[in-house]
Each structure stands twice: as C-alpha cells, then as structure tokens.
Amino acid sequence: MPRVVSLFLPMWPTDRFRRKSGDAAPPPETPLVLIGRDGRRRVVLAADAAAHAAGLRIGMPASKAQALVPGLIVHDAEPDADEIALERLALWALRRYAPIVTADPPDGLVIDTTGADHLHGGEAAMLTDMVDRLAASGLIARAAVADSGGAAHALARFGTRATIVVPAGKTAQAILPLPIAALRLPAATIDSLRRLGFETIADLAGTPRASLALRFGPEPGRRLDQAFGRVSEPIEPIRPEEIVEVRRNFAEPIGAPETIARYTGKLVAELCIDLETRGLGARRLDLLFFRVDNRIEAIRVGTATPVRDTKRMTRLLTDKIETIDPGFGIEQMRLAATVAEPLRAKQTISSLAEAPEPDVSDVIDILANRVGEGRLYRFAPVQSDVPERSVQRIAPMAPDTGEGWPGHWPRPSRLLPRPEPIETVALLPDHPPVTFTWRGVRRRVKRADGPERVFGEWWKRDAELAAVRDYFQVEDENGERYWVFRAGDGEDAATGSHKWFMHGIFG
C-alpha cells in the first residue's frame, strides 16, 4: 500500500522572505504582508502569523490592510521566486528522504515515502525530523502521512498537530471529521455546499454521488475518491538538471522479478559509464518503476562511500526487488544517482609482502539499507573531560577525527547511558567506598584506585563553574570492577551534592 507525505508550509512566502532578508529581516512580532495584483486591485497575497493575529486576511485590499495595522510592513510578492524556492526545497527532500518528491504549489510538497521511512527510524521520526530541520532554517512546517495524497494533504492543512501519522487502512476515519475545504474544491463550490448544510467530509461522503454530480459536476466525487485512495494521483518526480540518470522504456510491459533484475543490471552498467565520465561515484541510488496504471514504485539504496562498482550497486538494488509490486506491468525504469561525489582513483596493493587493506564498506552498505543508516554507527572521541560528553556517534566509514581518550586513567568498556545513584559507606573526603549498594545488591569493595578528579565545563553553563567529580575504580569480592564517582570534592557543598553514582563497568 502506498504511503504519501504532504508537507505544508503555512507561512511559506513570508517565511521565505524573512530567510532571504537575513539579518535585515523585520522582527517576527512585526506584521508582514506580501502584496500582488488581482486584476486591477492590489490585494494581500500572503500574511505572516503576526498579520493574521492583527486581523489581516488573504485577498484583503492592500489599502485596507495598511489602514487597519499602523506600521505594517508591505512588500511585493514574488510568485516566480516562490516557485523556484519551492522546487529547491523539493530537491532537498529528494536527496534526504525519498526518491519520489514533487512540489505542491503554492505552499507544500508531496513525498511518496513507500519503503523509505525505515531508513529514517519510522514514519513518526521521519516527519518530526522534517519539521524540526525546517524550523531550524526559519520555516514553519506541518506534515502528515497517509495512504493517499489527498488524505495527507487534508490532514497537513486541517489537522490539529504538527505531525500526523495515519496508520495504514485508517484513512477514512482520520479525514471524515475534517471540513469540506480540506478536499481542495474550488472556493465557489465550497460556499455552495456550505449553504446547503454540508460542513464536514463525512456529510459529503454520505450523500448519493449522482445528486452531487448533477448539481456540482464530477469534481466533488473525484476529490472524495482521491482522499479515500480509490483513485490514484500520479506524482511526477522532480529531477535536477545535473542529476546522473539513465532510463529504459519497454515496448511490452514487464513484471517478472528475473526480468526486472536483468534490466536493473543493464541500467547500473549504463549509469557507471556516465559516472566514470564525470569522475563521480554514487552515494545514493534511486530506481523508479513506472507502471502502466500511472503509479510509481521505487527502490532507494545508499552507500557509505562513493561507489562505481557495477556488481556491488546491482546487488544492493536487486536485494530490494521483492518489495516492488509491478501491478499490470512496468513500462519504464529510471535509475538515478541522486547523490554523487567525486571518486578518485586509488592505488592498489602491488607488493606481495604487503597485506591488502580490509574494506568493510560493502557489508556496511548491506546492513545500512536493511536497518537504516541512522542505526549503524561507530563511536569516536570528543575533546571533553566529562565522560558522557567525551564520545560521539559518527558514520561507520567517517574519517578518523584524530582525537583520543585520556591514557593516564583507563575508561570502562561499558559506560551507562546516565549515572545511576548508589548507596555507599565511605570516609570523606578522599577515600573510596567501603561498600556500595547498586540495583538492590550490596557489594563489599576489596580493592580501589583513585580519586581521579574531573572538573565541570564552566564555559558551557554557570552551574559547572565550581562542580567537580571524584572518580574511583573499585573491585568487589567477586572480582567485578566498577567505575563510581562522588559528586563534589567531599568538603565544599558548592562543588556538588556529595552523593555517589555508578557510571561504568570494566569488562
């Protein structure tokens, strides 16, 4: 079943203007409107949140808006620039989230995420990431995912939350309470329906289709069918001019997995030739299948490093062919390197005595495309004396950062996600615990080493200006070794609570 995301930018033109203006942009609390022409009149085409709060509305004459709100900031609308910027945003979503993305003018995107959401931790995590990343760039966004583009469009614009995930098969229940304006009907049709007493999609869905068509034509029925997923809405994927892409058309539609796999290999070979000509290697591959019923199926795979190996790329793609539903047949296949990076020639080992360098990138690619690249990582040191801050997650094939952990004091092989409180008997200020109780088990300390004093990072927050920790390596009677610390120096209350915590386990 298809899964479609609608990304809605409620303040798109005004947010884009503020981003373009940068430091010269007016404060967010100052009402801002964009003005354009409707025939011979100058009217409000876009208004930000402050302008809406002041009572300004889309379509209001510009002179009236300026009279109602003293100090109103007025700028000319740039519809062509808005459209170009929306296409750039679609390209960003294409490279980051899914292989099928298109702009949905004037204020949104449509993304077919079927089979791609697991690469981002699931649908809920993916939508949250979209909204958060746009918010960090100064763009207000709302997103919804459902079984149909019409339902996702309606929920993104008329739902009550910033992100909405409709479970598969639950589309009807989710959209029936929404107003009829969510169906993308012309304004005149919506006004006529409201005068007849129709308020929600449920009211309209329960009316005989013939009577609706007789009075309003086929449009209400078509929009209902699109919202409920009875009629598909073809998506024409956006493609940048510089993208490396090859395609194959079929005189007779194909559908057998073996045939799809054979032509996949041929497309990969053609793509590798183009990549070699440009000196590039693929980091992300999108294989699109255009079915005879106007639906598009897609496969997306990524690589840890730039790749131009025909066999390796073919294997990654053919491993996912089982997820493709050919329907009544596939009439076109397109393979694109959505993300490509320079690939330089690498000297191979020529000495018989020199061992070849191990290359695990192939295994990493297979695992990452099965479980999601965000779930595959390795740890790297960070410059920080605070133990929980001295480690970070990086990509499996990321270059060495050059940092290292302190060598004068060993660190435990297992560091707890957060320090856990323990009960101790210890002589202050410099002695290790004699006994401690952790997770309900009392342990007697046989050997100990320490203290290792760790100071707070005062440049991050004032609370750490005087904070210290005294760490001890302790070994109990069973030979098990732990890493514990006391918050504070054991004398001055300003340095910490003087409570004890378990922070790690050695081997």
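**A chat about one chain**

Q: Where is Tyr377 found?
A: In this model, which is a predicted one, Tyr377 is found in the loop between α14 (361-371) and β13 (378-381).

Q: What about its radius of gyration?
A: The chain has a radius of gyration of 30 Å, whereas a compact globule of 507 residues would have one near 23 Å. Taken along the principal axes, the box that its C-alpha atoms fill is roughly 90 × 70 × 45 Å.

Q: What share of the contacts joins residues at least 24 apart?
A: If you take the contacts between residues at least 6 apart in sequence, 58% of them join residues at least 24 apart.

Q: Changing topic to the strands, which way do β9 and β12 pair?
A: Strand β9 (residues 244-254) and strand β12 (residues 330-342) pair in the antiparallel sense, over seven bridges, and one of the bridge partners is Ile330 in β12, which goes with Ile254.

Q: How many bridges join β10 to β12?
A: Strand β10 (residues 280-291) is joined to β12 by eleven bridges, and these two strands run antiparallel. Leu335 in β12 stands opposite Leu287.

Q: What is Arg95 in contact with?
A: Arg95, which is found in helix α4 (residues 79-96), is in contact with Pro240, Glu242, Arg284, Arg300, Thr338 and Val339, leaving aside its neighbours within four places in sequence. Arg95 and Leu285 are 190 residues apart in sequence, but 9.9 Å apart in space from C-alpha to C-alpha. With a relative accessible area of 31%, Arg95 is partly exposed.

Q: How many salt bridges does the structure hold?
A: The structure holds 41 salt bridges, and among them is the one between Arg3 and Glu123, whose closest N and O atoms are 2.8 Å apart.

Q: Which parts does that pair tie together?
A: Arg3 lies in the segment before β1 (4-8) and Glu123 in helix α5 (residues 123-136), so the pair ties together parts that are 120 residues apart in sequence. Arg3 is buried, with a relative accessible area of 9%, and Glu123 is buried too, at 15%.

Q: What forms a salt bridge with Glu388?
A: Arg469 does, with the closest N and O atoms 3.0 Å apart. Arg469 lies in strand β18 (residues 468-476) and Glu388 in the loop between β13 and β14 (391-394), so this pair ties together parts that are 81 residues apart in sequence. Glu388 is partly exposed, with a relative accessible area of 30%.

Q: Last one: which residues do salt bridges that share partners join into one network?
A: That network is made up of Asp112, Arg291, Asp293, Arg295, Glu297 and Asp325.

Terms used
Residues numbered from 1 in each chain as written. Predicted model: local features only at pLDDT ≥ 70, side-chain atom pairs only at ≥ 80, totals over all residues. Heavy atoms only, no water. Helix = DSSP H or I, 4+ residues; strand = E, 2+ residues; numbered from the N terminus. Rg over C-alpha atoms; globule rule 2.2 N^0.38 Å. Contact = heavy atoms within 4.5 Å. Pairing = 2+ DSSP bridges. Buried < 20%, exposed > 50% of the residue type's maximum accessible area, 1.4 Å probe, protein only. Salt bridge = Lys/Arg side-chain N within 4 Å of Asp/Glu carboxyl O.
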